[in-house]
Amino acid sequence: MPAKGVQWSASVPPPDGGVPIPEPVPGRARHAILVGDGDVPARARLDVAWPGWAADADLVIAADGGARKAYRAGLVPELVVGDGDSLGDSGLAEIRAAGISLELVATAKDESDLELAVLAAVARGATRLTILGALGGPR
């Protein structure tokens, strides 16, 4: 994060060496549901615990292994991002066969797959994010 009063353009990397946050698409406010590879409850449990949580969502992005977890929550991702290590070759083949867009990155990266999902959502105009599967899981 830049020091107070220091600004940087989204088109160049920030001074801390991270990745730039894409500018949102003007005029398109979107609610994105992001699904990580952590613990994701079944849809029925989510609906009881968090009524209306997905009511206005118009974008679902899974972070790598979160693609498998999305189905448990009754969601079908329109995009899967990440390095593919959690899905493996067979999982990646399933994603491709289902016609889901896939944005693969190198495994040597500074961002987690879920961070990449956040960036992808913002780049697609998301101004509200609901994140499932950010905690728990095998890692």
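**Reading the fold and its cores**

Modeller: Let's begin with the layout: the protein chain has four helices and five strands, where helices (H or I, at least four residues) and strands (E, at least two) are DSSP runs numbered from the N terminus. This is a predicted model, so local features need pLDDT of at least 70 and side-chain atom pairs count only at pLDDT 80 or more, while totals for chains, interfaces and linings use all residues. Residues are numbered from 1 along each chain as its sequence is written, and side-chain values use heavy atoms, leaving out hydrogens and water.

Colleague: In which order do the elements come along the sequence?

Modeller: The pattern reads β-α-β-α-β-α-β-α-β.

Colleague: What is the mean pLDDT of the protein chain?

Modeller: pLDDT is the predictor's confidence in each residue, from 0 to 100. Here the mean is 85, with 78% of residues at 70 or more. Over residues 1-10, pLDDT stays under 50.

Colleague: Which residues touch the most other members of the largest nonpolar core?

Modeller: A nonpolar core is a set of buried Ala, Val, Leu, Ile, Met, Phe, Trp, Tyr and Cys residues joined through side-chain atoms within 4.5 Å; buried means under 20% relative accessible area (1.4 Å probe, protein chains only). In this 14-residue core they are Ala 32, Leu 34, Ile 61, Val 81, Ala 117 and Ala 121. Strand 1 (30-35), strand 2, strand 3 (79-82) and helix 4 (113-123) each supply at least two of its residues, and helix 4 gives the largest share, six.

Colleague: Where is the other core?

Modeller: Apart from that one lies a core of eleven residues, including Val 35, Val 40, Leu 46 and Ala 54.

Methods: Contact = heavy atoms within 4.5 Å. Buried < 20%, exposed > 50% of the residue type's maximum accessible area, 1.4 Å probe, protein only.
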